[in-house]
Amino acid sequence: MKLGILGTGMIVKDLLTTINKLKIESISILGTEQTKKETTILAKQYHLDHCYYDYDEMLRSEIDTVYVALPNHLHFSFAKKALLKGKHVIMEKPITSNVKELEELKEIAQENDLIILEAVNIHYLPAFKKLKEDIKRIGNIKIMNFNYSQYSSRYDAFKQGTILPAFDYHKSGGALMDINVYNVNAIISLFGQPVSIGYMANIENQIDTSGILMYDYGSFKGISIGAKDCKAPIISTIQGDKGVIKIDKPVNQMTGYQIIFNDGTEEIYRVDDCEHRLYYEFIEFIRIIDNNDYDFAKKMLELSLIVAKVMNEARNQEKIVFTNDN
């Protein structure tokens, strides 16, 4: 893989801390005139091969894959441009602002034999993979509850009238897109598409600052909570008729879980000596792209589409409209 990274935000800085462990042939980074100093420092610190400040120039280079780590509302336009230039695309979560954008990107990728991947690390974490195997041990699922509530320092600014991207409907923000998206991905990966969903959100200035998403799977029900305006102990549970699985971290950071059976016996699964949480997804992205594993890429993109449809419907129910929707 010859990777071009778009952006210098927090998620990029996180990835760069583990980049030297990944077998990437070359790494370039795209900054802006405003972030030129920061971009140069990052390139030097992590021994990146090239810095660019013009996206077209980067796309003319030898990179074969673009990692879109920009604010949500920019994902579609930058990914589309990369696909039309013959580049594979890795896109930070949420993959696009809405289903329509994702379906257009999917069509372009198919026409050009290119791969689109959504960077939701949950699906590649060793603990989550083991959870998918162990979930059958608690019997028939009855109730699930996923909670990711984390008070955002940006909410203080939001209340004072300073609207940053995480709370900006012009930039496809909000609690569902920013934080509950992890829960939605975990639930869809575990259980597939629900029969129906319902979203109840706290709305301020036309955006959801927190919300509860309800899932009906026919024989069992569930909720996922995403909050940026308040916090709570981050505990998620999956309840079956033979026991319960308890996760004591946000699902995108999980390193283990506890199984408590109805007879009172308990088992704890932990991953020792974990790599950085982004390491596992990029190891798999490199494999998929370098080996042209279109079948697996297609499977993961279908999951992303289901998630996008669920979140689109949730926003529609609460009349949350992004600028990208128009």
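Val99, Leu102, Glu103 and Lys106 in helix H5 meet Leu301, Glu302, Ser304, Leu305, Ala308, Lys309 and Asn312 in helix H10, where contact means heavy atoms within 4.5 Å. The residues of this contact of H5 with H10 divide into five nonpolar, two polar and four charged, with Ala, Val, Leu, Ile, Met, Phe, Trp, Tyr, Cys and Pro counted as nonpolar, Asp, Glu, Lys and Arg as charged, and the others, Gly among them, as polar.

The model is predicted, so that local features need pLDDT of at least 70 and side-chain atom pairs count only at pLDDT 80 or more, while totals for chains, interfaces and linings use all residues. Residues are numbered from 1 along each chain as its sequence is written, and side-chain values use heavy atoms, with hydrogens and water left out. Helices (H or I, at least four residues) and strands (E, at least two) are DSSP runs numbered from the N terminus.

The two helix pairs are set out below; axes are lines fitted to C-alpha atoms, for helices over the stretch in contact, and angles run from 0 to 180 degrees between N-to-C directions.

| Pair | Angle | Axes |
|---|---|---|
| H5 (residues 99-111) and H10 (residues 294-317) | about 160° | 9 Å apart |
| H6 and H8 (residues 175-191) | roughly 40° | within 10 Å |

The angle makes H5 roughly antiparallel to H10, whereas H6 is oblique to H8; angles under 35 degrees count as roughly parallel, over 145 as roughly antiparallel, 65 to 115 as roughly perpendicular and the rest as oblique. In the contact of H6 with H8, Phe128, Leu131 and Lys132 in H6 meet Ala186, Ser189 and Leu190 in H8, which by class gives four nonpolar, one polar and one charged residues.

Eight strands form an open sheet of mixed pairing in the order E8-E9-E10-E7-E11-E12-E13-E14, two strands being paired if DSSP finds at least two bridges between them. Strands E8 (196-204) and E14 (266-270) stand at the edges, each with a single partner strand, so one side of each is left without a neighbour in the sheet. Neighbouring strands of this sheet are turned by 10° against each other on average, direction ignored. Within the sheet, E7 (residues 141-149) and E11 (residues 236-240) pair in the antiparallel sense over four bridges, and Ile143 stands opposite Gln239 in E11.

Helix H6 (residues 126-134) packs on the sheet, touching E11, E12 (243-247), E13 (256-261) and E14, and its direction makes about 25° with that of E13. Helix H10 lies across E8 and E9 (207-216), running at about 55° to E8.
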